[in-house]
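Open the model in your viewer and keep the selection panel at hand. The tour moves from strands to a surface patch and then to a helix.

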Amino acid sequence: MSSFFEFHQQVTRRASGRRRRAILPAPVEGAPESPSSLEPLSVTQLTTKVSRALSAALPGRLAVRGEVGNCRRAGASGHLYLTLKDATNCLDCVMWVDAAERLKFEPQTGMELIASGDIRVYGRKGNYQLYVDQLMPVGQGALELAFQRMCEKLRAEGLFDPARKKPVPAYPARIVLLTSGEAAGLQDVLKVFAAFPFLRLVLCPVPVQGDGAAERIAGAIDDLNRDAAALGGIDVIYLGRGGGSLEDLREFNEEALARAIARSRIPIVTGIGHEIDRTVTDFVADAMAHTPTAAAELLTARWKTAAQTVEACIGRGIRALRAMVGHSRHRLDGIERHELFRRPLHRVEAYRQFLDDRQRQLQMGALGHVRRLDRRLIELSRRLEPTRAGGLLASRRLRLGEIRQGLWIAAAALLRRRAVELNRAESHLLQRHPRHTLLLARQRLDALAAHLDRAIRDERSRCGDTVERMAVHLNAVNPQRVLQRGYSITTLARTGKILRSVTEVRPSDRLTTRLSDGAIESTVPSRRSSPPSGGLFD
């Protein structure tokens, strides 16, 4: 169905065409048809015609060989997009996610492939492309490439890790043979097991070749794990088949079978193909052998020497038992000669005396504690009597008894813990005795004391010199020395202020004049601005 815009364009073109045909003259017979006289097609119409022409001209399915270029996977959808090219041309290809997930290998740029599918036109880009449903590598077999790809994937997930594999029982007695009833190697395997008739063998027939064989084997492994208890228990599962080409063994390279072996709780031993054959199943299995017969011999290897092993174990047990009896007899003789057994009452009397001492200490401590609690109880009783709380007092007494008992238990436990801690602390302190540290500290203290004495003597000498210099200076500026040279100091008697100017005195002020050998009291009769040469006072 065309869109509204396409319909509008078609109607407009038809109307304009009719108008042109009415105006323009008729074309000349034999002349080429002009572009304006052609009926135009929409892009969708042209693309549809090209697509129908390709479908009619080409077969419904074809194969194209070329080199891969620009190979990528769409992150959201998982579709595979690639380009096939040769020396001159290229072809766009697309492979939907359901077909891409079935690939046995990962296409890479530069790889030469054969792509099978059908050619269609992609209208949104206006080009044709090959819709691929199958890819086949050229030059390297697809099965070998798929084998390598599967090995890399499972190895990255840790399925080949030896630490993940389960140990195979040394003496398996209940063995399930998971193989085809018509397998070529089955008779050889049964011949090996026939030497041990006590083994319990269960044949679980499964196809070992052809499409769907891997899923059938994987389902059988899951069923055996689920129904192992109903079968009386299974020690190990043998999975094998005879040799063949890589195509014959391709079912043993399938991911479904490898994951079934990995999740099996029962150990699985494989013997597939010849010595040169290797499959993904062999790498995932808990143990592998080069051939089916070798796998059977692996399971029965310990049974071949079981009798000798039992005899050796019996001999070692007898020797160990004799050594144990001799050692026990020697210990018994030593115990009989021990002082404890020759004079048992001495130890009993010592413990009895120790018990009496502890009992006496416990009684004294308990009696003192009980007396303190009784005094406290009597005091509380006197307080509670006015309130008539007899019932409360009784409950308090009961609670007090429980607390008393709890205190005894807690005190005993605390004493034990403190004794252990004290012993540990004593051992710790003995290991860290401070005598060496004290000796070093004493030596350092002596050195510091000697240094301090020297520093004190030096400082005392410097201070003595300084004091002498200051004494000389003070004697030089001593006022008494100045007075002895004939000078005097006059002060106001009422304030003791030293006079330095006549303006500081008033008439009738009393003055004190200090000389070198005494003081003179005087009164100011008057004040002059400029004293006469004969003296300061009248």
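Select strand 12 and strand 13 (residues 518-523): the two run antiparallel, joined by six bridges. Strands pair here if DSSP finds at least two bridges between them. This is a predicted model, where local features need pLDDT of at least 70, side-chain atom pairs count only at pLDDT 80 or more, and totals for chains, interfaces and linings use all residues. Numbering starts from 1 along each chain as its sequence is written, and side-chain values use heavy atoms, without hydrogens and water.

Stay on the pair. Strand 12 and strand 13 make a hairpin, with two residues between them. Pick Thr-512: Glu-521 in strand 13 stands opposite.

Strand 11 pairs with strand 12 (residues 510-515) in the antiparallel sense, over four bridges. Click Leu-492; its bridge partner in strand 12 is Leu-511. Strands are DSSP E runs of at least two residues, helices H or I runs of at least four, both numbered from the N terminus.

Next, show the surface of Leu-41, Leu-46 and Val-50. They make a nonpolar patch of about 250 Å². Leu-41 sits in the loop between helix 1 (4-23) and helix 2 (43-57). Leu-41 is partly exposed, at 45% relative accessible area (buried is under 20%, exposed over 50%, partly exposed in between; 1.4 Å probe, protein chains only).

Last stop: helix 7 (residues 255-263). Which residues are buried in helix 7? Leu-257, Ala-258, Ala-260 and Ile-261 are. Look down the axis of helix 7: the buried residues fall within an arc of 160°, so they line one face of the helix. The arc is taken from the directions from the helix axis to the C-beta atoms.

Key: Patches are made of residues with over 30% relative accessible area and no salt bridge: like charges are joined within 9 Å, nonpolar side chains (Val, Leu, Ile, Met, Phe, Trp, Tyr) within 5 Å. Accessible areas come from the Shrake-Rupley method with a 1.4 Å probe; for residues, only the protein chains shown count as cover. A salt bridge is a side-chain nitrogen of Lys or Arg within 4 Å of a carboxyl oxygen of Asp or Glu.
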